[in-house]
Amino acid sequence: PIVHLGDPVLASCTISPNCSKLDRQPKILWRLQDEPNQPGDRQHHLPDGSQESIITLPHLNYTQAFLFCLVPWNNSFQVLDQAELRAGYPPASPSNLSCLMYLTTNSLVCQWEPGPETHLPTSFILKSFRSRTGCQYQGGTILDCMPKKRHSNCSIPRKHLLLYQNMVIWVQAENMLGSSESPKLCIDPMDVGRESLTTPPPAVKLEPPMLQALDIGHDIVSRQPGCLWLSWKPWKPSEFMEQECELRYQPQLEGANWTLVSHLPSSTDRFELCSLHQAPVYTLQLRCIRSSLPGLWSSWSPGLQLRP
Amino acid sequence: PIVHLGDPVLASCTISPNCSKLDRQPKILWRLQDEPNQPGDRQHHLPDGSQESIITLPHLNYTQAFLFCLVPWNNSFQVLDQAELRAGYPPASPSNLSCLMYLTTNSLVCQWEPGPETHLPTSFILKSFRSRTGCQYQGGTILDCMPKKRHSNCSIPRKHLLLYQNMVIWVQAENMLGSSESPKLCIDPMDVGRESLTTPPPAVKLEPPMLQALDIGHDIVSRQPGCLWLSWKPWKPSEFMEQECELRYQPQLEGANWTLVSHLPSSTDRFELCSLHQAPVYTLQLRCIRSSLPGLWSSWSPGLQLRP
Amino acid sequence: PSLPLPRSFLLKSLEQVRKIQARNTELLEQLCATYKLCHPEELVLFGHSLGIPKASLSSCSSQALQQTKCLSQLHSGLFLYQGLLQALAGISSELAPTLDMLHLDVDNFATTIWQQMESLGVAPTVQPTQSTMPIFTSAFQRRAGGVLVTSYLQSFLETAHHALHHLA
């Protein structure tokens with residue numbers, strides 16, 4: 001049996017009349033976990049001659065415990081049976097559901113907060129169905145994604161996803177005392193899901209672009225003092241996406257600030273950066289974001305140390 | 001087709017008469033990989049009116065190549081068909097087969113040298129059957145253990161093993177050009193397999209024992225100058241094996257030698273080691289081996305630095 | 001009559017007994033930790049009601065050691081415990097790995113004894129057939145049965161170890 005923590009538990013234990021080894025009226029006793037043996041509330045005969053003992057445990061404060069039914073025999077106590085008691089709480093609604101589309105594995109990975117401990121085996125399922133703009137329409141069910149044990153994330157493989165279309169996605173939690181659902185997300189796996197019912201919406205996980213100094217030995221490049229020639233290209237798996245990038249650079253000086261250059265193209269073979277006179281060495285980083293369609297900034301590329 | 005590297009290859013290409021798009025007598029050509037097109041050795045009519053071209057490549061020196069059959073058409077060459085040619089060698093006999101019994105995973109892990117590259121898809125199978133003392137008797141086949149791709153080891157799970165009985169084990173290699181077998185091992189998974197037909201035989205993988213200094217605060221231990229109190233116990237999964245151990249110690253001095261104390265019991269609560277006057281700090285290590293039954297020494301326990 | 005028991009057979013058998021004892025202890029500890037069933041003496045009545053048998057090693061006692069009969073009793077006892085351990089299958093997912101390994105170790109030790117009896121020409125012509133096993137109909141019965149079978153096996157192994165030590 002599974003009850004709410006602190007609720008009462010009623011149990012009964014019956015000895016059939018033909019249990020020859022016992023004396024006529026055995027005194028049935030109870031033991032909870034390692035606590036001392038205790039008599040039942042009531043012991044009586046049943047019509048078929050069996051002896052039945054009934055006990056009520058007013059408040060079960062173990063989340064898991066064994067209740068034994070015993071009888072005295074040859075100056076020892078003999079266990080007749082054992083019941084496993086479990087107590088806990090119904091699951092709270094999972095929260096903070098967020099998803100990321102990984103272009104390398106082509107899978108949509110969602111994660112969530114499971115909510116407070118229920119003390120009971122609780123299953124979580126990431127459920128979803130196909131929809132249209134605004135997510136009012138309920139299309140076909142997509143697969144029920146079962147997370148690994150004790151994991152609060154699940155990955156929906158590419159073949160179940162309809163890219164560039166909206167889908168409704170949520171988490172369902174269930175145990176023996178009840179079930180609950182997270183708020184629903186309306187998302188386009190490739191998008192930031194403008195019509196999202198709640199935030200934060202999913203987004204495509206962009207890795208940083210590849211920033212590098214142009215080979216100064218390159219004859220076509222005339223080297224101006226205080227200038228640098230750069231080239232970059234986007235992260236390969238995201239090349240099909242229109243992107244714009246942002247460059248930041250900072251002289252290697254104590255407490256120097258970053259200077260930002262925005263709205264740069266997603267790739268270029270030759271980009272000249274000048275007026276770099278404050279220090280012998282500069283650190284440069286680049287990041288990109290899906291342009292004209294919603295997206296999240298990639299993280300900054302690893303710092304590039306260069307001498308103008 | 002698969003041939004020995006360097007062997008000749010004979011190919012034919014046939015154009016049925018009702019291939020209307022082509023002129024009456026198309027000149028069939030051949031192309032090997034990226035080499036220039038070449039005519040066949042012979043081109044003739046077949047009784048049914050088809051045109052057949054035959055070519056012999058005297059020595060196929062590609063381990064993998066495509067042979068194209070083409071015809072000229074509208075001042076281009078049209079590919080009619082393509083055959084994949086593969087060449088390599090039959091597998092040599094796998095060698096250096098050795099096995100180790102892992103007491104923690106309860107599996108017998110065998111490894112071998114696959115032999116020279118065959119350039120062809122070659123499968124390796126670890127085969128074995130049950131036997132008796134001396135391995136002359138052939139009992140039931142144990143499972144065919146298939147190693148992961150490009151791995152030269154395989155693990156036989158406990159449930160397929162008959163411990164303390166001999167089994168015959170070997171590796172079979174096979175590809176399209178032939179098959180070969182390693183020499184056979186006669187082993188008892190728990191033993192060094194005295195009746196081994198070849199060496200090195202398997203052995204139980206013994207992890208080092210747990211060596212530790214006795215807690216000097218311990219009242220019963222009276223501390224003599226230049227002495228140390230030690231205690232050790234065998235690696236837990238091997239506790240059921242009768243073992244003897246060997247202690248080595250060395251003063252922390254440049255070029256100091258190890259001193260060895262042999263035939264020690266497999267576990268002791270109190271062992272006094274004295275005459276340690278050469279240096280303030282000594283390094284001690286212990287290793288054990290199955291006693292009275294064949295076995296391999298465990299590796300030395302991690303060095304213990306102690307002040308006598 | 002004393003049998004020419006090879007020393008390696010005796011040493012290997014002793015090691016196998018200790019291996020099974022270690023595994024058996026592990027299972028007993030797991031039954032206690034997981035199900036609070038820690039006292040076999042509280043399950044005697046339960047054992048009677050289900051008819052869980054004990055294997056005899058009367059011919060292996062140091063006072064009346066008869067080698068051939070002792071080997072035969074050792075084999076049939078191991079064979080019985082193999083059956084009992086098999087009847088406990090499905091005890092629980094936590095205990096199944098230990099129970100499976102224990103069953104394999106007992107099975108392998110029974111084979112060691114049988115093959116030695118065959119080599120000495122004292123093996124019965126026909127392999128023993130398993131007697132009817134108790135039927136465990138509830139999770140509790142499998143767990144309580146597990147406690148009883150492993151505690152009976154532990155004392156069986158204790159006697160076997162003494163006898164083999166005596167012979168080695």
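Predicted model: local features only at pLDDT ≥ 70, side-chain atom pairs only at ≥ 80, totals over all residues.
## How the chains meet

Two pairs of chains touch, and the pair with the most contacts is B and C. Chain A and chain B do not touch. Their nearest C-alpha atoms lie 22 Å apart.

Chain C also meets chain A. Here 13 residues of chain C are in contact with 17 residues of chain A. The size of an interface is often given as the accessible area lost when the parts come together. Between chain C and chain A, about 1,300 Å² is buried. Carbon and sulfur atoms give 57% of that area. On the chain C side, three residues stand out: Lys36(C), Glu42(C) and Leu45(C). Together they supply 52% of the area that chain C buries against chain A, more than any other three residues.

## The nonpolar cores

In soluble globular proteins, nonpolar side chains tend to be buried together. The largest nonpolar core in this model has 54 residues. Within that core, Leu153(C) and Phe156(C) touch the most other members. Five helices of chain C each give two or more residues to this core: α1, α2 (44–50), α3 (67–87), α4 (96–119) and α5 (139–167). The largest share comes from α5(C), with 13 residues.

A second core is separate and has 28 residues. Leu108(B), Leu163(B), Ile187(B) and Met190(B) are among them.

## The largest pocket

The largest pocket holds about 860 Å³ of space. Its lining has 29 residues. Closest to the centre of this pocket are Leu120(A), Pro121(A), Thr122(A), Lys149(A) and Arg150(A).

Two chains supply elements to this lining. From chain A, β7 (64–73), β8 (76–88) and β11 (123–130) each give at least two residues. From chain C, α1 (7–35) also gives at least two. The largest share, three residues, belongs to β11(A). By class, the lining of the largest pocket has 13 nonpolar, nine polar and seven charged residues.

## The second largest pocket

The second largest pocket has a volume of about 520 Å³. It is lined by 21 residues. Thr122(B), Ser123(B), Phe124(B), Lys149(B) and Arg150(B) are the closest to its centre. The lining of the second largest pocket divides into ten nonpolar, seven polar and four charged residues.

## Two asparagines with positive phi

Most residues other than glycine have a negative phi. Asn74(A) has a positive phi, about 45 degrees, and is not a glycine. Asn74(A) sits in the loop between β7 and β8 of chain A. Its relative accessibility is 53%, and exposed means over 50%, so Asn74(A) counts as exposed.

Chain B has a case of its own. Asn75(B), also not a glycine, has a positive phi near 40 degrees. Asn75(B) lies in the loop between β7 (64–73) and β8 (76–88) of chain B. Is Asn75(B) buried or exposed? Asn75(B) is exposed, because its relative accessible area is 86%.

Conventions. Residues numbered from 1 in each chain as written. Chains lettered and ligands numbered in written order. Heavy atoms only, no water. 1 Å grid on protein atoms, 1.4 Å probe; cavity = no way out; pocket = protein on both sides within 12 Å on 5 of 7 lines; lining within 4 Å. Points joined across faces, edges and corners; volume = space filled by probe spheres on them. Helix = DSSP H or I, 4+ residues; strand = E, 2+ residues; numbered from the N terminus. Nonpolar A, V, L, I, M, F, W, Y, C, P; charged D, E, K, R; others polar. Core = buried A, V, L, I, M, F, W, Y, C linked by side-chain atoms within 4.5 Å. Buried < 20%, exposed > 50% of the residue type's maximum accessible area, 1.4 Å probe, protein only. Contact = heavy atoms within 4.5 Å. Buried area = accessible area lost by both parts, 1.4 Å probe.
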